[in-house]
Each structure stands twice: as structure tokens, then as C-alpha cells.
Amino acid sequence: MTPGERRASASLALVFALRMLGLFIVLPVFALEASRLPGGDDAARVGFAMGLYGLTQAFLQIPFGLASDRFGRKPVILAGLLLFALGSGVAAWAPDLTWLAVGRALQGAGAISAAVTAFLADMTRDAVRTKAMAMVGASIALMFALSLVLAPLLAGWIGLSGIFVMTLVLALLAMAVVAWVAPAEPREHRPSEVGQVRGRALGEVLRHAGLLRLNLGVFVLHAVQLAMWMAVPAMLVSAGLDKAAHWQVYLPAVAASLLVMGGVLFPMERKGKLRTAFLIAIGLILSVQLGLWVLAGSQPGLWPLGLLLFVFFIGFNTLEASQPSLVSKLAPGHARGAALGVYNTLQSVGFFAGGAVGGWLVRAHGVGALFAACAAATLLWLVVAWPMQAPATASTRR
């Protein structure tokens, strides 16, 4: 990477990390803490409030992506972070569950993922883009692991309201990084030179077979990820690990998986074998779901669960790094923001679907049915992804 590419990758990965920590940090404690608010005795309303940010993100990812194509990346990112900060403030103040839901909706309305990933794609060459995206993927994975460690401690110390104040501060820090640390936008994406948004951009994206495969993939990946957490924590408890100690499994699994990803994905991409790495990663996700399905019918042991989580994070982190890179390479240059907007919309819908459908499956048919459904969805993804062809690598940015 050039110094400019390193600066862009590190600063935008930090923006993602600060925002995702703000989102993840409430999830492990949200249901318990929200139940203490007026209206919190209704579990369905609590679940709706918790997942509402995913719905508002899904609705606004495409508009934010298109706006970043027209008005520039930085202004759109700053506007989204400001919305996220406002939502965090409302949630921190919320006197009841209704206002807490409003705060969560505003948090999700700051749907900056498409604009940030488009900005990163603008600033990196094809040859190093997967590495840049991997920094973002690694930051998300590490923030998820960190949230599992910190959330119970923070909830006992400052409560849910204090956690939301912390997310507001994180959003303001992310705005400072965008304004003063991230490099200037490339000339071709400054508002004065973009011109009008091309009306055919979204249609091109929705008709592109390669992008459709990736959009299905991100939907399945994040639906399966969220659905897993409907059952995995209880399985760890059943294996003899107290809730407060779950980080002792999650953190090593995530950290070790990142080392494996760095030692395997990048060399395979340099050798022109990104497609192979991509399909192997989907296969790993499938094998984990089948393994969890087998364990769901018995008394699980801690070591088998830990090994399956390690394998899951290898596949998950590899796909988190490679899929956005492939989207940015396959998308027509004038429609890159639109393509990433669609991609991130399907990611948000996947989060919502994983939680809603996963919870219903566990309640209605048991944990075994949950993992069987996850395995079936992943198998479908593998079949659809099989014909994919990795795009040719260009030596320089457009």
C-alpha cells in the first residue's frame, strides 16, 4: 500500500470501528436493561426496539449511496454520523420504551456504510483493495468481540443510558476522524465534478448477475450470523461457561481467525485465487451450521463449540473482507455508490431477518431447526455463488 492508501484504510476503518462499537455495545445487554423502562415488560416491543435500527438502515442505504455519488463521500458520511449521534442522545434520554425505539431508528438512519466503503474503494487500487476492506472487516469483528467483553461491565456501572451517551461520544469522535484525519476525496468524486446522478445506475446494479450473487451472499451471511446468536450463548451456558465468561471463547476465536485470514486470503488473492478462497469460506460457514445442528441434539462440549466458532469466524471474516471488495470491482465506476448502497441494504435486511426468523424458529421448532435452516440457506448461497468469476485486477485506480 502507498502512504495515502494506508492513511485512507486506517482512518476509514477507525470510523467503521467507532460506529460499529456504538451499535454492538448495546446488543448483549439491551433486552435486560430495556425491560426496566415503562413498556419494557412487553418482550415483542423490546425486540422491535432493538432491531429497528436495522430496518431504518435498510431503507436508507441506497439513498445514502446515491447521495455520496452526487454530493461527495465526506459530506454524506458526516451527515450520517450526526444522525447516529442524535439517535444516541435520544436513546440515552428516553423515558420509556417508545422513545428508546425512536432513538434506535435515528441511529439506524445514519446509514453510512455504503458511503464509507465507496470512499475506501475510491482511495485504493484494485490490487490492494481486499486488504483495505479487510482492515474494515477486522475492525468490525474486533468491535463485536470487544462489545461482548465490555457490555456487561458497562451496564452494571453506567446503565443503558450511560452506554448510549458513550455511543454519542464515539459518533462525535468518528466525525472528527472523517473531517481531520481521513484524506481528501479524489477529484472525480468532488461535488463540483460529479454532475447529475445517472438515472440508469440503480437499474444497472439490479440487473448485474455478479452483483446479485454478492447481494444474496451478504444477506445470507448476516442473517445466519445474527440467527446463530439466538442459540449459541445458551449452548455455551449449557456447556458450563457462565454468561460473564463468554468473551473467553469469542475473543480468542476472533483473534485467531484474523491471523488465519491474513495468512491465507491475501496470498490467495495475489495468486489469482480469490474465487477459491471465497467459495471455501462459504463452505466453512456451511460446515459450522451443520456442526451446530449436530451438537444441538446433544449436550454440547465447550471445546467443540469453541472450535466451531473459530471456523465460523475464519469464514465470516474472509467474506466480510472479500465481498465489499468484489462489489467495488464489479460495479460500473459511475454506479459504485449505488452498488454498495444495495449491498449494504441487503446486509441490514439480513440482520433483521436473522433476528426475527431465528427467534421464531427457536420458539416454534427448537434450536435444531434454527441451524438446519441456516445450513440450508448457506447451501443455497454456495450453489448460487459457484459460477462466479473474480474480476480482473487492475494495477491502478481509475
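This is a predicted model: local features need pLDDT of at least 70, side-chain atom pairs count only at pLDDT 80 or more; totals for chains, interfaces and linings use all residues.
From first C-alpha to last, the 20 residues of helix 10 reach 29 Å, close to the 28 Å expected at 1.5 Å a residue. Of these 20 residues, 14 are buried, so helix 10 is largely enclosed by the rest of the structure.

Charged side chains come next. In general, side chains of opposite charge can pair when their charged atoms come close. How many salt bridges does a search of the whole structure find? The search finds three. One of them joins Glu5 to Arg125, with the closest N and O atoms 2.8 Å apart. This pair links distant parts of the chain, since Glu5 belongs to helix 1 while Arg125 sits in the loop between helix 6 (113–123) and helix 7 (126–180), 120 residues apart. Is Glu5 buried or exposed? Glu5 counts as buried because its relative accessibility is 1%, and buried means under 20%. Arg125, at 23% relative accessibility, counts as partly exposed.

Arg73 takes part in a salt bridge with Asp69, in which the closest N and O atoms are 2.9 Å apart. Arg73 is buried, with a relative accessible area of 0%, and Asp69 counts as buried at 8% relative accessibility. Arg73 also meets Asp122 in a salt bridge, at 2.8 Å from N to O. Arg73 lies in helix 4 (residues 73–93) and Asp122 in helix 6, so this pair ties together parts that are 49 residues apart in sequence. Asp122 is buried too, with a relative accessible area of 3%. Through shared partners, salt bridges join Asp69, Arg73 and Asp122 into one network.

Trp93 counts as exposed at 52% relative accessibility, whereas Trp99 counts as partly exposed at 38%. Phe312 and Phe313 form an edge-to-face pair as well, with ring centres 5.5 Å apart and planes at 70°. Both of these phenylalanines, Phe312 and Phe313, are buried. Ring pairs link Phe312, Phe313 and Phe316 into a cluster. A ring can also meet a charge: the charged end of Arg275 sits over the ring of Trp386, 5.5 Å from its centre.

Which residues make a nonpolar surface patch of about 320 Å²? The patch is made by Trp93, Trp99 and Val102. Trp99 is found in helix 5, which covers residues 97–109. Ala101 is found in helix 5 too, but at 13% relative accessibility Ala101 counts as buried.

Distances along the chain and through space can be set side by side. Ala101 and Met50 are 51 residues apart in sequence, yet their C-alpha atoms are 7.3 Å apart in space. For Trp303 and Gly203, the separation is 100 residues in sequence and 48 Å in space, again from C-alpha to C-alpha. Trp303 has its place in helix 14, which covers residues 302–330. Is Trp303 buried or exposed? With a relative accessible area of 77%, Trp303 is exposed, because any value over 50% counts as exposed.

How values were computed
Residues are numbered from 1 along each chain as its sequence is written. Side-chain values use heavy atoms; hydrogens and water are left out. Patches are made of residues with over 30% relative accessible area and no salt bridge: like charges are joined within 9 Å, nonpolar side chains (Val, Leu, Ile, Met, Phe, Trp, Tyr) within 5 Å. Accessible areas come from the Shrake-Rupley method with a 1.4 Å probe; for residues, only the protein chains shown count as cover. A salt bridge is a side-chain nitrogen of Lys or Arg within 4 Å of a carboxyl oxygen of Asp or Glu. Helices (H or I, at least four residues) and strands (E, at least two) are DSSP runs, numbered from the N terminus. Buried means under 20% relative accessible area, exposed over 50%, partly exposed in between (1.4 Å probe, protein chains only). Rings of Phe, Tyr and Trp (its six-membered ring) pair if their centres lie within 6.5 Å; planes under 30 degrees apart count as stacked, over 60 as edge-to-face and the rest as tilted. A charge sits over a ring if NZ of Lys or CZ of Arg is within 6 Å of the ring centre and within 35 degrees of the ring normal. The expected span of a helix is 1.5 Å times one less than its number of residues.
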